[in-house]
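Subject: Handing over the model

Hi,

Here is the structure I promised to pass on.

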There are 2 protein chains.
Amino acid sequence: MAKDKKLVESITSRDVDFAQWYTDVVKKAELTGYTSVKGCMVFKPAGYAIWENIQTELDRRFKETGVQNVYLPMLIPESLLNIEKDHVEGFAPEAAWVTMGGNTPLQDRMCIRPTSETLFCDLYAKDIQSYRDLPKVYNQWCSVLRWEKTTRPFLRSREFLWQEGHTAHATAEEAEERTQQMLHVYADFVEDFLAIPVVRGRKTDKEKFAGAEATYTIEALMHDGQALQSGTSHNFGDGFAKAFGIQFTDRDNTLKYVHQTSWGMTTRLIGAIIMVHGDDDGLVLPPKVSPTQVVVIPIRQNAEGVLDSACSIADELKKAGIRVKVDDSDRSPGWKFADQEMRGFPLRIEIGPKDIEQGTCVLVRRDTREKITSSISEVAETAGKLLDEIQRDMFERAKAFRDEHTYEASDYDTFRNTIEEKPGFVKAYWCGDRACEDKIKDDTRATSRCIPMGDEGNLIPEGRTCVCCGRPAKKLVYWGRAY
Amino acid sequence: MAKDKKLVESITSRDVDFAQWYTDVVKKAELTGYTSVKGCMVFKPAGYAIWENIQTELDRRFKETGVQNVYLPMLIPESLLNIEKDHVEGFAPEAAWVTMGGNTPLQDRMCIRPTSETLFCDLYAKDIQSYRDLPKVYNQWCSVLRWEKTTRPFLRSREFLWQEGHTAHATAEEAEERTQQMLHVYADFVEDFLAIPVVRGRKTDKEKFAGAEATYTIEALMHDGQALQSGTSHNFGDGFAKAFGIQFTDRDNTLKYVHQTSWGMTTRLIGAIIMVHGDDDGLVLPPKVSPTQVVVIPIRQNAEGVLDSACSIADELKKAGIRVKVDDSDRSPGWKFADQEMRGFPLRIEIGPKDIEQGTCVLVRRDTREKITSSISEVAETAGKLLDEIQRDMFERAKAFRDEHTYEASDYDTFRNTIEEKPGFVKAYWCGDRACEDKIKDDTRATSRCIPMGDEGNLIPEGRTCVCCGRPAKKLVYWGRAY
């Protein structure tokens, strides 16, 4: 019983210590586990099931756009990694190196993939000869490894799970189109499925991916006002193609370099779900991504007919396509309520002898605690509608929060004060110079999150000036401290 | 066009050179690709899509038995690998060692997981305290690495994809039950879904897994008469639990060790599909696992209405839940037929101006080449029935082949001759001594594949003697040369 109590013990309040709150939730909702492997994490069933749902839905959306899945080796020979200069500079310092195979030292040591651009280039150089071989629109689901020094579950760990898409195209236009297309796939997925509003934008040169011509990003705002980069899509132009010699004979019979893109999303998203939606009682999962959508909790479950009713309600819900569980453990109802709340399952149904007498049951929303009484005969319909409502409301609340925490600053004092005192995004004009970006980071620990896509970021009204140096502005930038 | 021709060029005949036939099929059906990473393979879209279908179906079957998915680190510190003696002896010699993280040498070097028993034990030692924490029935889908010297696509490669289940139970009986249960899940899956008949059996002590008390296996027979171990399930007893200190307080308030199992299936299965079902025209995929089940091929596709008809047939099939593609490329119909045959898609539909006039189309089975004419209005129903028939027939043919190539031998001369001259399984009695197993392997290159489960392997009629030494027999064994 000591262990039971611990499980539902109140967790640190979000507003008292956000970092500790996060750690508590991850642990008490049993999303991750400890391991003797420093800097790595164990995805326990509750955590991994969230990733499985993300994967299934994202994969479906990828395939609708013509993506094909492949799997490439997890090891990259150093000689291969070294081919593209910017790329190797970006990744070699945090690579883990395999130097022995069995008892034999390797001549060309290999790193565990930190990302697989070089392997895809190696494959494409062999497989692409003609315009008929294009486009290649490949993706892989795998784990990657980066030797990070400080780590936090989901947000930063040495090994993490992700997908990485890698494409090759005949023209620069087509590559740019695919880069932006995938960013929108990401943004729509995060907004529709995870109920997290995002800013769609482009990274500044300072923040873009090692080896890319352009990096697009979606940026989300966490409850503590810090930003989380939640997915990126890169246009490589023909830089990698030139380094790796990926050429094709075009329709006009001339030899051309392909244009490439890559795009990725990771298990960080689980961190985003926790930090956007969670509250002081634990996790709050959007219905679409929640492994269990409804928990049926029998009240006085040993009374005649109660457990049967609970199970038949669960059966009705299952038939309606709802992911449901009955908690028939020997815990008290109060314990079960707290447990369901901590695990963040969107809806619970309470059913006891009195309810059965009246032919009703009580549904309780995780997000608002609102109680709804439904006739047992219509419970599946009621639950279905409520799940849709919860999904919608969670997005709207997160969006309202994000909007309330998005500020503007036109002079540097206001900018610095806002960053310091009002955690959130600050929208401010920028001259386009790296020096100002560096100064802002030094002064405030805020980084340029992105230049929003479309007019907002790029069509600058006459007379606007850089928030840092006062020279004419070229871009509007979302700034913020970030994970 | 040179490239097109090569694609449908005839491949080496199975009966002339089986190994070359296999290589040709893998290459021409574009299942795998080349890579600069020695001993590793690229799973191209056609190969990976088969694995995705295997994964989805197997995962569904696992979850029906209460399996939960997790993900553990890909790295194992050497100190952790060293804890269980038999296990480290089995795996350390073929491990790949990470000795540098970034620019820093590691104090405790780490190997890339060759299998994850030690990591699961590490987790279970922390997570299991009480009988209430049991059973743990975890599984992970991942890649593993073993530093093999000679490799072949799917059959043996340094890195391969698999699932590994790891369970912990309160009693020895429950562990044994789970071990056998998962073997039957494997066997049923391989027979139902991949149309490959298997022998369900137990490994001899010589052939069992490093650290296991008992290993169960399913053994399939390839077209060249060699066996392929297609899935294994291990009972560890409490050996790992004692080595790792995995104890729990039972209901009777005493401290006990858990009993553990593990079980795995790999991308080898794709090799089995190729070698059981393939023929001289290429791959032949069982409908249930085939990424594309039907290819609609328009004849004279530029004639009015032909492409429309092809697409509307495909739409009907899609509505019926059939995975279908229209080949509307600018190749000739003959090229498309050969291409569909080589890729092994189970059914093609030919539709041209004459067919449309008559309101019919022609369906051609990949496995038998049989042509069936159907009215266009009933094409989805006809195709659905044919796919079921093909699946059934492929299993029956493979079973008949296996049975025809399963021999018996009661004396050593017959045994040796059979192994040499009649590739297949040889059933023969065995005294139970390792010395006879070793001698048989030395003399014939055949190994004990398994002792069939149930009476056949274990209830030995009076007076039967070991095929090798002539002493009284204790078991019946399936012997054979194997991949």
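Below is what I found in it, topic by topic.

A word on conventions first. This is a predicted model, so to speak of a local feature I need pLDDT of at least 70, side-chain atom pairs count only at pLDDT 80 or more, and totals for chains, interfaces and linings use all residues. Residues are numbered from 1 along each chain as its sequence is written, while chains are lettered from A and ligands numbered from 1 in the order in which they are written.

**Confidence**

The model scores ipTM 0.95 and pTM 0.96. Chain A has a mean pLDDT of 96, with 98% of its residues at 70 or more; pLDDT is the predictor's confidence in each residue, from 0 to 100. Residues 1–5 of chain A are another matter: pLDDT stays under 50 there, and the model has two contacts beyond four places in sequence for them. Where pLDDT is low, the predicted coordinates should not be read in detail.

**Domains**

Chain A splits into domain 1 (12–277), domain 2 (294–389) and domain 3 (406–480), with bounds that come from an automatic or database domain assignment. Between the C-alpha centres of domain 2 of chain A and domain 3 of chain A there are 49 Å.

**Where the chains meet**

The contact takes 42 residues from chain A and 43 residues from chain B. Two residues are in contact if their C-beta atoms, placed from the backbone, lie within 7 Å. On the side of chain A that touches chain B, β5(A) gives the most, with six residues. That side divides into 25 nonpolar, ten polar and seven charged residues. Here Ala, Val, Leu, Ile, Met, Phe, Trp, Tyr, Cys and Pro count as nonpolar, Asp, Glu, Lys and Arg as charged, and the others, Gly among them, as polar.

The strands also pair across the two chains: β5(A) and β5 (residues 96–101) of chain B run antiparallel over five bridges. Met100(A), for instance, has Trp97(B) as its bridge partner in β5(B). Strands are DSSP runs of E with at least two residues, helices are runs of H or I with at least four, and both are numbered from the N terminus. Two strands pair if DSSP finds at least two bridges between them.

Within chain B, β5(B) is joined to β6(B) by four antiparallel bridges, and there the partner of Met100(B) is Pro105(B). These two strands form a hairpin with two residues between them, and Gly102(B) in the turn has a positive phi of about 65°. Strand β4 (residues 75–77) of chain B joins β6 (residues 104–112) of chain B too, through three antiparallel bridges, with Pro77(B) opposite Met110(B).

**What is inside**

What is the size of the largest nonpolar core? It has 279 residues, and those with the most contacts inside it are Val296(A), Val190(B) and Val296(B). Such a core is a set of buried Ala, Val, Leu, Ile, Met, Phe, Trp, Tyr and Cys residues joined through C-beta atoms within 7 Å. A residue is buried if 20 or more other C-beta atoms lie within 10 Å of its own, exposed if 12 or fewer, and partly exposed in between, with C-beta atoms placed from the backbone. Helix α13 (residues 379–404) of chain B gives the most to this core, with nine residues.

Helix α9 (residues 268–277) of chain A is mostly covered, with ten of its ten residues buried. Its buried residues pack against elements of chain A including α3 and α13 (379–404). In α3 of chain A you will find Gly47(A), which counts as buried because it has 25 C-beta neighbours inside 10 Å. Gly47(A) touches Leu31(A), Thr32(A) and Ile270(A), leaving out residues up to four places away in sequence.

A cis peptide bond joins Leu134(A) and Pro135(A), with omega about -10°, and the bond from Leu134(B) to Pro135(B) is cis with omega near -10°.

Ala195(B) has a positive phi of about 60° although it is not a glycine, and Asn253(B) likewise, at about 70°. Are they buried or exposed? Ala195(B) counts as buried because it has 27 C-beta neighbours inside 10 Å, whereas Asn253(B), with 7, counts as exposed.

Cheers
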